[in-house]
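Please look through the sequence and the structure below.

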Amino acid sequence: AKADDTDRAAQWLNHMVEHGVQPTVTSYSTIIDRLSKNGDVIAAQQWLTHMTEAGIDADVVAYNMILGACGRAGNVDAAQALFNQM
């Protein structure tokens, strides 16, 4: 998917919140998954932070998506930091 697909997903997530619909872990994980598959580890981690700041506990699936992206990028330090966060 293109970057604007992720932007549109983020807009829908914000639209949900504006209309009183609480996003779920799946809502956030969809964005995290796309960013991770696109190799954007930093943005995926930022969305993980948004999710936890919204009071939604990340599940093992969300963490694994980002860990996979870290592995594909060879970013051992980011993977270790994320693992420690779990």
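Start where two helices touch: S29, I32, D33, S36 and K37 in α2 meet A62, M65, I66, A69 and R72 in α4. Contact here means heavy atoms within 4.5 Å. Sorted by class, the contact of α2 with α4 has five nonpolar, two polar and three charged residues. Ala, Val, Leu, Ile, Met, Phe, Trp, Tyr, Cys and Pro count as nonpolar, Asp, Glu, Lys and Arg as charged, and the others, Gly among them, as polar.

This is a predicted model, in which local features need pLDDT of at least 70 and side-chain atom pairs count only at pLDDT 80 or more, while totals for chains, interfaces and linings use all residues. Residues are numbered from 1 along each chain as its sequence is written, and side-chain values use heavy atoms, with hydrogens and water left out. The predictor's confidence in each residue, pLDDT, runs from 0 to 100; the protein chain averages 88, and 95% of the residues score at least 70. Among the elements of the chain, helix α1 (residues 3-18) has the lowest mean pLDDT, 80, and helix α4 (residues 60-73) the highest, 92. Helices (H or I, at least four residues) and strands (E, at least two) are DSSP runs, numbered from the N terminus.

Two packed helices are described by the angle between their axes and the distance between the axes. Helix α2 (residues 25-37) and α4 pack at an angle of about 10°, with axes 9 Å apart. That makes α2 roughly parallel to α4, a term for angles under 35 degrees. The axes are lines fitted to C-alpha atoms, for helices over the stretch in contact, and angles run from 0 to 180 degrees between N-to-C directions.

Leaving aside neighbours within four places in sequence, A62 is in contact with S29, I32, L48 and M51. S29, in helix α2, is buried too, at 7%.

Side chains of opposite charge can pair when their charged atoms come close. The structure holds one salt bridge, a side-chain nitrogen of Lys or Arg within 4 Å of a carboxyl oxygen of Asp or Glu. The side chains of K37 and D33 form it, at 3.3 Å from N to O. Both residues lie in helix α2, four residues apart, about one turn of the helix. K37 counts as exposed at 52% relative accessibility, and D33 as partly exposed at 21%.

Conventions:
Parallel < 35°, antiparallel > 145°, perpendicular 65-115°, else oblique. Buried < 20%, exposed > 50% of the residue type's maximum accessible area, 1.4 Å probe, protein only.
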